[in-house]
Amino acid sequence: MGQTNVGIMVMENVGRKLKKDKKKRKAETGEEPINPMERKKIKRVLDKERLRAKSEKRAEAWHKQKLASLDSRSNERTEISPTTTSGLPELDIRLFTDLAAAEVSIREAAAQALVVKLLEIQKAYDNLENKEVVDGQLKLEAEKKDDGLNNCAPSLRYAVRRLIRGLSSSRECARQGFALGMTVLVGAVPCIKLDALLKLIISSSMKEDDFGPLFAYGAIAKSGRLTLEWIADKNTPYIKEFIGSLVSMAAEKRYFQEPAVSIILELVDKLPVEALLNHILEAPGLKEWFEGAPEVGNPDALLLALAIREKAGVDDKEFGKLLPFPYSPSRLFTVEHLSLLSKCLKESNFCHPRTHSVWYSLVNILLPENVVKGFDPSVALSFMKKHKKPRKGSSAEEDIQKNLKNFCEVGIEGSLILSSSHDCKNLALNVLLRLLPKLPASCICNILSYKVVRCLMDVLSRKDPNLFKSCQYFMRELCEWVKHDDVRRVAVIMALQKHSNGKFDCITRTKTVKELLAEFKTESGCVLLIQNLVDTFLDKGHASEEPLDQSQTTDDNSKIGSTEYKDSFRAPGTSDFSKGWVLKSLSNSWKHLPLDANARFRVHREILKFLAVQGLFSSTLGSEVTSFELEEKFRWPKSSISSALCRMCIEQLQLLLSHAQKGEGPHVVASGPEANDLGAYFMRFLATLQNIPSVSLFRSLSDDDEEALKKLQSVESQLSRQERNLGPSIDANKFHSMRYLLMQLLLQVLLRPEEFSEAASELVICCSKAFRSSDLASSGEDEADGDGTHELMDVLVDTMLSLLPQSSAAMRTAIEKVFKCFFHDVTDDGLLRMLCVIKKNLKPARRQETDNEKDDDDDNVLGIEEAEDSDETARNDGQADSGTLVDIEAEGAELLEASDDDFDEGMDDDAMFRMDTYLAKCIKGRTNQAGGETADSQLVHFKYRVLSLLEIYLNENPGKPQVLTIFSHLAEAFINSQSMEGREQLGQRIWGILQKIIKAKDYPRGEDIQFSVLESLLKSNLKLAATRFKYKKSASNLSKEKQSVALNRYKMINSLSQSSTFWILKIIDAKKLPEPELQEVFGIFEGVLEDYFSKRSQLTSEFLEEVF
């Protein structure tokens, strides 16, 4: 006991010393201590690596030792002296142990050595004269009488029985090794009789679930002994007995079925056709087994029947209902026969995750190599050529397509997809993948049917743990299959989008279709996709495959979790609903085309023709019209499309023209009437269709709209002609941008009748003044007032502002392009009109209450508000922020007053009237849309659009004096936006523009800048920067989030006022003011310093140091 305690104490002292040494080493090396958990992890990893290295070395040494032992035994077999009593070589029993080794090379070497030794023993035995003496002396084990191995040496008889027994052993790899040994032995030693061998196999089976006999039968089949027996005797009974035993085993136990059939198939491959007909088909129990297969669902029996039929090539009623009589692939894949086999196909999922061999056999019959190679891919592309119809496919191709359709509908969808079993659905995906390598592109619609695509969407949208990885793998393989083939890619895109109503990516939350669309690199592929979409829109393809009862498309237990997934199938299968995704897919097809300019133009032209025909026109005589001028036929759906689809076509047409205009880059006028100019081609195409008697616009127009349409077409035609005459130049860009604005306005007149005719007339007047020619002047002379009351740019700005409130994105782009070309001519009045929009509020911010009023719900951060008419300054309690936190003193109001005078001087009565018209359009645009945004939110969107124009002006004119005017008005609008609820994003946009102005390298210069304006702005910004941040009494009752928002507003306004001060000082310094005016500036800062030292100012010392 004492020694134990002493030992413990010694160990503890040693441990403490080791820890001290370890800490000392860490301190010397500078290493940081490792976390105990990390130390354990590192130790665990090192231990695993150490054990793995040891096990590998041990296995390698054992492997070398075994091989050396086998070599030595084989080399010494001739040196082994026979026994003194028998005179026969001795059998090495250790070879049977090596047959069970896990290493394949050891098993093969042991089997070879065993057979060589047994052949040597049997040869010596055959040379003996007195064999009875040897049989009585040499007995390795107790032998049964009449085992049939009388002509074999005792060692050989022992080896056969030992091998048969070893096949039932589960030790390591005993079954594989003993089966190998038996296969080589039975094939090499002819004295082993088959009848005796079959008896031994049957008698050795002691357990019902013993797989030993199956391995034994497999060894006999692989040895080729049965083939030799048939060659020696055509009437040999052993083949029938062999097949009968296997069929009996397969009928007794389900798990014996597949290995038994694989053994029979091994024998079928080795036997000639005559033996198949006379022996295998006549084996006992096989006919009954075939007859009962369809009822019980036996896929192995179907596999065996197909294999025998394929090799024999004759019809036989022995197959029962498994195969049609007479047999042909077309009869095999009829709906009726596949329905009989549906249970067999469904039950083939028992070997999951493997795919049953019967599917491989069916795929090979369904898509034979010689016929699949004969499919001509040019057939799918032949319709791209004008006036040529695709050639009719051969009868073999038609049969394959029909058979494949039946196979997918009955065999895959009916038997597997509609099943509630996840294994069945997984099997269906695996079978479809087996079809892909041989599948012609024209047959992809059969593979990606409605039920298959919906199954994919169901799993991918819910991320079903049972099938999610399988579906992901299927989609990856599908995308890989179409990677280098445009025809396949088009077929896959069409199938996925058609059966998901164009929402496959949205529902599955993937980018599959988007990535497939981005992979088009050739013009032919793009045109092929467009033509397929057009045919789908025109109902040229097959009827919809959607079932009437959509609840049967997936299993009853599946619950769809995606809202988009439910919505995509909630709408009825109307024509509009099925055609809408086609238009959306077309819009995605023209974006990011990696083509040269000429190819991209041709692709855009095909899309434009389709959208223009379907959206703008209708046929009064049938659904097909021929234009002899364009040498082309135009088609419409048999049933006329709705006005909603027409509007969608026009909107997509606007986007296409806008996209084409953006992608042109610096405009270069090419030769020809519309060479690579999509807009010119559109106007010519429009005029051509209007001249066809049997074609009319999709809606009747009022007199004003019709007149506006004619004027827009006439003016565009004249501008196009002048543009071509000018050649590449800045003026040509003006013509080009104005032409596209006219096109967008023309489409807007058709899209929204009786709303844009007045704006169209005004734009025609602007064109007549900006681009003077005899033709243009005559087109606008009746509208021109002739008094010169408004300059050209004032009218143009007014026109663009009148278009912005209700314009589409494409028209806004066209307006910005025109403004960018004419920004040099914008007048101060035009700028003030745009700035008026930015400052205008339908519901002004609530004024700050006085001290004797309750201030529970006010949040007027600055206490500043725009001075407006009395009818617009009514208080609105609901607009102000709830929960006031701060009250900044009202000195900052002078910032607004500094620019109010200029603003009022620039806005006459007509301008104010036009401003009210813009606002009225905002209100009207929203009241006409049920459930739309409020008029105030629409005004915010209007401000965003005007800010884009102002940003263009500032980017092109950074040093003009007008920048100071824009800055003052935007600063006022920014401060007001901080006191209005829901204007945070608008404030951020204005803030970004203000920062660009302040941080720009160039700044306003020139004699036109008035010192009084600079002085007023400087005072206002300094006072605003000095404004204190005060908490109100009600601030304690509000959340920290609202307090933080208010503080951030204060910081932004304070930062703006300080940076504005430095910017104004920079302008003052560059102006080189005389001494009296500089003294006034110094006087302003003297007042600021007095307030700072009297602690009436919030200015920081850092700000003052930087100023002075």
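My entries below go through the cavities and then the salt bridges.

**Ground rules.** I'm working with a predicted model, where local features need pLDDT of at least 70 and side-chain atom pairs count only at pLDDT 80 or more, while totals for chains, interfaces and linings use all residues. Residues are numbered from 1 along each chain as its sequence is written, and side-chain values use heavy atoms, with hydrogens and water left out.

**Entry 1: cavities.** Rolling a probe the size of a water molecule over the atoms shows where empty space is left. I noted the meaning of a cavity: on a 1 Å grid over the protein atoms alone, it is a set of points where a 1.4 Å probe fits but cannot get out, and lining residues have an atom within 4 Å of a point. A volume is the space filled by probe spheres set on the points, which are joined across faces, edges and corners. I found five cavities of 30 Å³ or more. The largest cavity has about 60 Å³ of space.

What lines the largest cavity? I wrote down Ile838, Lys839, Asn841, Lys943, Ala973, Asn976, Ser977, Arg983, Leu986 and Ile990. Two or more lining residues come from each of α42 (828–839), α46 (962–978) and α47 (984–999). Helices here are DSSP runs (H or I, at least four residues), numbered from the N terminus. The largest share, three residues, is from α46.

**Entry 2: salt bridges.** Next I counted salt bridges (a side-chain nitrogen of Lys or Arg within 4 Å of a carboxyl oxygen of Asp or Glu). The structure holds 30 of them.

I looked up Lys996 and Glu951, whose side chains meet in a salt bridge at 2.6 Å, N to O. Lys996 sits in helix α47 and Glu951 in helix α45 (residues 935–956), so this pair ties together parts 45 residues apart in sequence. Buried or exposed? I used these cut-offs: buried is under 20% relative accessible area, exposed over 50%, and partly exposed in between (1.4 Å probe, protein chains only). Glu951 is buried at 15%, and Lys996 is partly exposed at 48%.

Then I checked Lys1019 and Glu1015, a salt bridge at 3.8 Å, N to O. They are four residues apart in helix α48 (residues 1011–1025), separated by about one helical turn. Lys1019 is partly exposed at 33%, whereas Glu1015 is buried at 18%.

Conventions: On a 1 Å grid over the protein atoms alone, a cavity is a set of points where a 1.4 Å probe fits but cannot get out, and a pocket is an open set with protein on both sides within 12 Å along at least five of seven lines; lining residues have an atom within 4 Å of a point.
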